[in-house]
Amino acid sequence: MTHVIFTLTRVEAAHLTDLVGQFQQLVSEPVGDPALERLTPDVYPDDAEASSEFRQVTRADLLGRRAHDAATVAGDLGRVEDASVSDALSPVDISIADLDPWLRTLSALRLVLASRLGIADGDEHDDDDPAYGLYEWLGYRLEGLVQVAEQDDS
């Protein structure tokens, strides 16, 4: 398998494109946003000084890699934008080489949303609350891509 087709509705593709754009801005211009703490976690919770030093050394590189991954996803989604507006479904052609950046970006988007919604554990919210719909949708889409990745590994 050299690529996978990730099918979204045109509305889903537009919303995901917007989310990825917002995410690119977040990781490219880090300005003390609490969501960044979820993306660059505390590796030494019992040693604030060591944790701070580690974060200073690694944070820019980690956020740079997240920005690169998001740019890959945005590029793939950008090809959907060129598709016919009349198409109800928008197939996104993802090369297997770009599957990992997709997985990392969707996971990171969920982390940012979890931070915004105050979710520390995936089970901490009411499934019927519409405020969590996007969080759940990203999880659903991420799970589908994980399944594809697992098939490719076997």
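**Aromatic pairs in context**

The chain has an accessible surface of about 9000 Å², and 52% of that belongs to carbon and sulfur atoms (areas by the Shrake-Rupley method with a 1.4 Å probe; for residues, only the protein chains shown count as cover). This is a predicted model, in which local features need pLDDT of at least 70 and side-chain atom pairs count only at pLDDT 80 or more, while totals for chains, interfaces and linings use all residues. Residues are numbered from 1 along each chain as its sequence is written, and side-chain values use heavy atoms, with hydrogens and water left out.

From the N terminus the elements run β-α-α-α-β-α-α (DSSP runs: helices are H or I, at least four residues; strands are E, at least two).

The structure holds two aromatic pairs (Phe, Tyr or Trp rings, for Trp the six-membered one, with centres within 6.5 Å; planes under 30 degrees apart are stacked, over 60 edge-to-face, the rest tilted). F6 and W102 pair edge-to-face, at 5.3 Å centre to centre and 70° between the planes. This pair links distant parts of the chain, with F6 in strand 1 (residues 3–9) and W102 in helix 4 (residues 99–117), 96 residues apart. Both F6 and W102 are buried (under 20% relative accessible area; exposed is over 50%, partly exposed in between; 1.4 Å probe, protein chains only).

Y44 and F54 have ring centres 6.0 Å apart and planes at 85°, so this pair is edge-to-face. Y44 lies in the loop between helix 2 (34–39) and helix 3 (48–81), and F54 in helix 3, so the pair ties together parts 10 residues apart in sequence. Y44 is partly exposed, at 40% relative accessible area; F54 is partly exposed, at 37%.
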